[in-house]
Structure formats: C-alpha cells, structure tokens
Amino acid sequence: MWKLLQIELFKIYRRPRTYIAFGAITAMIAIIQLGLKVDGKEYMEFVMADLGSTFSFEGNLLNGYFVCFVLLNLLLIHVPLLISLIAADMISGEANMGTLRLLLTKPISRTEFILAKFFASAIYTLTLLIWLAVLALFVSIAVFGTDDMFVMKNYYAVQISADDVFWRYVGAFGFAALAMITVAALGFFLSLFAENSIGPIVATISVIIVTTILSTMSIPLFNAIKPYLFTTHMVTWKEFFDEKVDAENNVIKGTIENPDRIITSVIVLSLHIVAFVGASIWVFKKKDVLS
Amino acid sequence: MQDIIKVTGLTKKFDRFPAVNELSFSVQEGDVYGFLGQNGAGKSTTIRMLLTLIAPTKGEIELFGKKLQGNKHEVLSQIGAVIEKPDVYKYLSAYENLKLFAKLSDKKITHQQLMDQLEMVGLAQRAKDKVKTFSQGMKQRLGIAIALVHDPKLIILDEPTNGLDPQGIADIRNLILHLSRDRNKTIVVSSHLLTEIEHVATKVLIIDRGRKLVEGTAAELFDPSQTIIELDTFDNASGLAKLQSSRWNTMLQPSREGLIVVKLDKKDTPALNRYLVENGIEILSLQPRHSLEDYFLQITSGKQHVEAFTN
Amino acid sequence: MKIFFRIALVLLTACSIQLKAISQDMMPLIKKVKEKLDKVNDYTASGTMKTDVAFIKAPLGKVTVYYKKPNKFKLKKDGGISILPKGGVTVTMNNILNEKDFIAISAGKQMIGSFMTTVVKLVPTSDKSDVVLSTLYIDETDNVIRKAQTTTKENGTYEIEMSYGKYLAYGLPDKMTFSFNTKDYKMPKGVTLDFGDEDKAKKEAAKAKKGKIEITYSSYTINKGVDDSVFSK
C-alpha cells in the first residue's frame, strides 16, 4: 500500500492543477491581510461599534491572532471548494484521462487502490492546511503583531491572554484538518460516479453549500437534522476560542468553555469520514470499468 | 499444451441486455488469438472481463490454469494489456509514465530496463518529454512499452490499431509477429479490421451480438486456396438457373446485388470460365472477392446492415 | 411699615447666613479631605485590574497607575488589551474636588460597609463642567472618601467605591471599584459569523445593565517623581 500511496502522491504533486489551490489561498489571504492593514481602523470601528459606545479599548486589537481568526471565518466556504477540486477528481479524473482502465489491470487490490488514493487526498488536504496556517497565523503575526485576542460571539465577548492563544490555534487547525478531510472524503466518494471531472466537483460543492445553509439558518424545521450535518460540526473549531470563568467572573486561563462540543464534533466528523470511505470501497469493488 | 485462457459460459448483462452471452473459448500457449466482431459485438466487454475490469454476470474464467476469481494478483502480474487507445498521464514524461506503471507490477524493474523498453519502442530520445507533446503513434508505442515492461506471458491487445496510420498499423502487425515468433508470447488481439487479424492470427474467434459464431484455426476459416467469385452476365437469372442444374450447384452462394456468387477452389476458376463460355453464359465481369471479408459479412449480422444500406 | 421691612431684612440676612452656614459647614470637611490628598504630588502604583461585565470574559491583568498633581492620571495595562468604560477611569477624586466653583450640600449620614460616612452633594456652578452632580460619602474619622457617585453630561453615571489599608494616611485606596452602566450587548450574526445554538442563559446575561472595574493595588511609590511623558498618549 505504501508503494501505491507514493505513486498517488507523486501524481498529485506533479499535476499543475494541484497548485491552483495553494495559489488561490495565498491570494485570498494576501488580499484580506492587505485590506486589513490599510483599512484596519475602519474595520475595527465597524466591528466594535456596538461595544465601542460603552467601552474604550486599549491595546493592539487588530493583531495577528485576531486577523487569523477573521481569515479562518471568511475562508469557511472557500477552502472546502478548493479541496473538492482535487478530492472530487480522484477517481473521475482517472476515468476521464483513460488511465483508470490501465491501472486496474495491474495486480493491485481495489481496496488498497481506493485507500491509497484517499490517504493521498487526505495528505494533500493536510499540506493545504499547513500552508493556510503558515499564511493565516504566522504571516499575520509578522504583519500585525500579537496581543490579547478579543473574540465577539453573539451574546458575549471573550478576551484571551496573548500567552493563552497559541495552543488554541494548534487545536483549531487540527480540528480544521479533520473537517477538511471530511470534505475530501465526500468529494472522493462522489468522484466514483462520474467519468468527467466537473460533475463530482460541482456535486460536492453543491452539497456543502446546501448543508451549510441548512446548518446556519435558525429555522425549527431544520433544527432536527442540524446535528447530523457535517457542516454544522465543521465550525466547532471556534470553540477553542472560548474560556471558562469562575464564580467571580474571572477567566480561568487554559480552559475551554465547551470541550464536550469539540469532542462530539470530532466524533461526528470521524464517523462521516469512515462512512464515506467505507462506501467508496464498497462501490468501487463492484464497479465495472467502462472508461 | 497448456490452456493459457479458458473461458466457459461467460455472460455479461448490462441492465438485462446481454452484451456477452454464454461465450466459451480457449487460448493455448503460443497462440496469436484473434477476436473478430463488429463494433458492439462484445469483444471489448469480454476482454475487460478477462482483465477484471468488468465483473461477469455468469461463467468461469481460468487463466494460467487458475481461476481468475481469487487469484487476481498472481494472474494479472503475468498479463500486459493495451486497451483501445493507450491513455497515460499527459502531464508526466514518457519515462515517468513507464516507471509509474512498472512499479505497479509485482516485479522490480531497474532504470536500465525502463530505458531499454523505451529504446525498443523507439521512444528513448523522447523519454523526458511530457506525453502531451506526443503524437498518437508515439502514445501507442508508449502503451505497448507499458504493456511489455514487466515481461508478461500473455499480452492482450484490444483494438490496438484504432486511430493509427498505415505505418502504425504495420508496426503493430510486426510487433505481434515478433512477440509471438521470437519471444514465445501468447497474444490475444481483438479487432473489427479483418485484414489485420488475417495476417497475424493463428486462431480466430468470431463473435456476433455477444455469442460465439465460429472458433477455429486460421487455416480452417480462411483457406487461401479457396476463393469467392462474383459473376455479372447479360442474363443473370438464366445463368444462375443453368449453374444450379450443373455440378457447380454446391458451390453457389446466395446472390448479392443480383450477381451470381460462387465459392470454389482457386484452381477450378479456369474450369468455371470454360463452362460459362461453353454454355452461352456471356460474362460481363468476373470478380474474385476477398474471402474473409465476405465470409465474415456472410455470417455476421453485418450482412443485414450492408443490405439495409444498399436497398 | 418700617418694622415690616426690618423684619424682612433680618429674615433675609438670617436666611443668607443660614445658607452660607450650611455650605460653610461642608467646606471645611471638603478642605480637610483635599488637604490630605494634596499631600501626594505624584505616585506610581501597581496592582491587578479586573473587568467584571456579565457579557465579557476577560482575564485579570496587571496594571500600573500613574498620577501627578493636580489632575494627571494614567492607567496602563502591562501588555494585553484593556477594556475600560468609555470616559475612562480617569475621573478621580481630584477631578471632582478640583472644581473651583461648586456648592457643597450636606445630605445626612450613611453607612458604607462598616464605616459611617457623611454624605455631601457637590454641584458645580459652572456650566462648562462635565460633572452635573457628585455625591461623596466621606469618612470623617480618616478624612477619606469611601464612595462617590457622579453624574456626567458626556459619560453617564458612574460610581466609585474605595477601601483603604496601608496607604490610608495618604488617602490612597487598596481597592477601588468603578461601577458603570452598560448597554445591551448584541452582535449581528453576519459580523460574528457565529451560527451556533442560542444559549438562553447567555442571552439574558447580555442584557446586564451594569459593569465593574476592580483595581486592587499592591503597592504605591509616592512622591518619587513621575515623568510628564508618561501621560501623553
């Protein structure tokens, strides 16, 4: 299987299309960082307008940690789309190129083949996320400096001490990796059913958009299914940026307010991955290769 | 002589449509086995089943004396295939493609072996070039290199001459002959081009609508000493009547386009000619028809299609 | 007629004397407090600050406070972000007491904790002052202000409560609690991008009306000199 994985990784990283995603992420982050650097004050005034009428804030609110948080929020839809570009093409691309029929006449097990391809797309997703982390966190810190992080949620705001932030980002990016691998698994599964590249990519993106809409609208009709949608759980990375307070409303450093939510989401996402990959193996084993 | 391939009762249904229907045949070591049939007859489907690309609905496939089911790994490592036009990774070079596919076979293939293989198909100079710059013929040669790089015992070629120019077709023919005669390989080649099969095959299987029509040695099927003649006379009807009441009766074939068709030993042609002259059947034209093409059209549904066109 | 005017005059004089007497009564006390505070030319103090608002989770922060007579005041957090009520915690006792023109009116006595205080209301006479009304709760035993409620034009109403310890002699508190009013906290989901479930408890807390800043001083360095540059922003 290692041999197959090596080959799959080789194919992914030699293909020009792969680098579109890296380029796109770089461009998007650069644009947002530039915008914030130039118009940061106006942006902060807008965001803090409500609180700003009662409070005055001192310190570097628009710091690297905060900018990274903004970036992660904004890229919520974009990164999954970029991942679909590769993941949803893993099988359909081979069929489209005509190489699938040659690959499967070789003495390799179909299960191993599918797993190798999936792991390769998972590794690709990880490298994309590492790239994202470097740009969104480290470059932001370099450009905007560090300070305490001030996060505004719907009904309360959270201030996290500068020395209490980094480990949260490690956790958040790790969680994001799991979420993005879930997206990859979905795309991968859908790519089994077509022999052209576009179909599965569009299908994956559509699924994500529709389920995101269902996840974010507070309509009672949707509330019953929300907990089962993976897009609902993909945003749980934000829970890393909330703290517990003691009886006197003092922040307890190094804590997370709702760790159970994180654990639940990790389990749900992992189950989704196992389900998609398992289904992929099952479908692929029975598939007649006509391409 | 071992059966390299033994197929029994092979059936494949796509949504109840039988693309292959109770097909049985065997290929022996050293054969150049030709699959003949029109487009859509079931040749590709059969070949894909041999290569595990498609799962049979029914039937048994044995390769190298082992059941395909359950011995996939062992069996496939001894087969090299080119299926339709060879598609490789366009964004990789010829060498990278060859190396990639070679890695997937169970054997260890050295850099030198890879270069030798490219040399053999005339691509050594272009080893580092990306395949997207290759012509169809070059891609074909690469496909063959990939099929042969792990020195398989059995080589399966599905429509290998598709899209090739006459030179390319000749190259394929020579390759098959070389592999068979000089390297002792067993080869299965499918085509709808009769002339190609005729030149290389030692045995032929003719498939029509998923079923076996004929299986036999080339010698049995297209006897070069026989020929088919089409006669056009002033009065074909009376001429035909005269022939029917003569010793030539058994050699008469169904009429085509109103012409009189006779199948006979080549050496009897002068005798026929004499008979016609002696009996006042005035000849407008006397055409020998290519035996295999006629035979083929005769026995397959191709005849009906041709007739439908001409009527 | 003459008698009527005489009585009126006496009464008027008596009234004015009385009024003066009332304001005069409070002024000595105010003066005593001011004198005590004036002993301090400057100080640098270190302590911890807690922002206690129901809908803000903030960590404790180390702060340094600078003061220079007559009304230079600076609160500096050692690193990190500080959240302070608008108008800042700069309105100190001195600001209130520095008003040149005000009227001091006695308003009885009240217990602040376990201390008996004299309640004095200060009303600035000038229109230019931001302060509309100040109510001081002065501890006559130690001549310190234990509590002050101030209503301002620009920055609403706030309350300062102080407890003293080591630095009682200088009128410098150990702990100062600054209470103020807050608006409801509500952020649109389009800005927070937070589409999680509604937490009823948190939703209610967002409507908290009051907030507190607590500064607990650990030490003061008094009259050792403070550079003016510290107070420029």
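**A friendly note on chains A and B**

1. Let's start where the two chains meet: between chain B and chain A there are 3 salt bridges, a salt bridge being a side-chain nitrogen of Lys or Arg within 4 Å of a carboxyl oxygen of Asp or Glu. One of them joins the side chains of A:Arg14 and B:Glu96, at 2.4 Å from N to O.

2. Before going on, please note that this is a predicted model, in which local features need pLDDT of at least 70, side-chain atom pairs count only at pLDDT 80 or more, and totals for chains, interfaces and linings use all residues. Residues are numbered from 1 along each chain as its sequence is written, chains are lettered from A and ligands numbered from 1 in the order in which they are written, and side-chain values use heavy atoms, leaving out hydrogens and water.

3. How many residues does each chain bring to the contact? Chain B brings 31 residues and chain A brings 27 residues, where contact means heavy atoms within 4.5 Å.

4. The area buried between chain B and chain A is about 2800 Å², and carbon and sulfur atoms give 59% of that. Buried area here is the accessible area (1.4 Å probe) that two parts lose on being put together, summed over both. Look for B:Leu53, B:Tyr91 and B:Leu104: these supply 25% of the area that chain B buries against chain A, more than any other three residues.

5. An open sheet of 6 strands runs in the order E6-E7-E8-E3-E9-E10, with mixed pairing; two strands pair if DSSP finds at least two bridges between them. At the edges sit E6 and strand E10 (211–217) of chain B, each pairing on one side only.

6. Within that sheet, strand E3 (residues 32–36) and strand E9 (residues 203–208) of chain B pair in the parallel sense over 4 bridges. B:Gly34 stands opposite B:Val204 in E9(B).

Conventions. Helix = DSSP H or I, 4+ residues; strand = E, 2+ residues; numbered from the N terminus.
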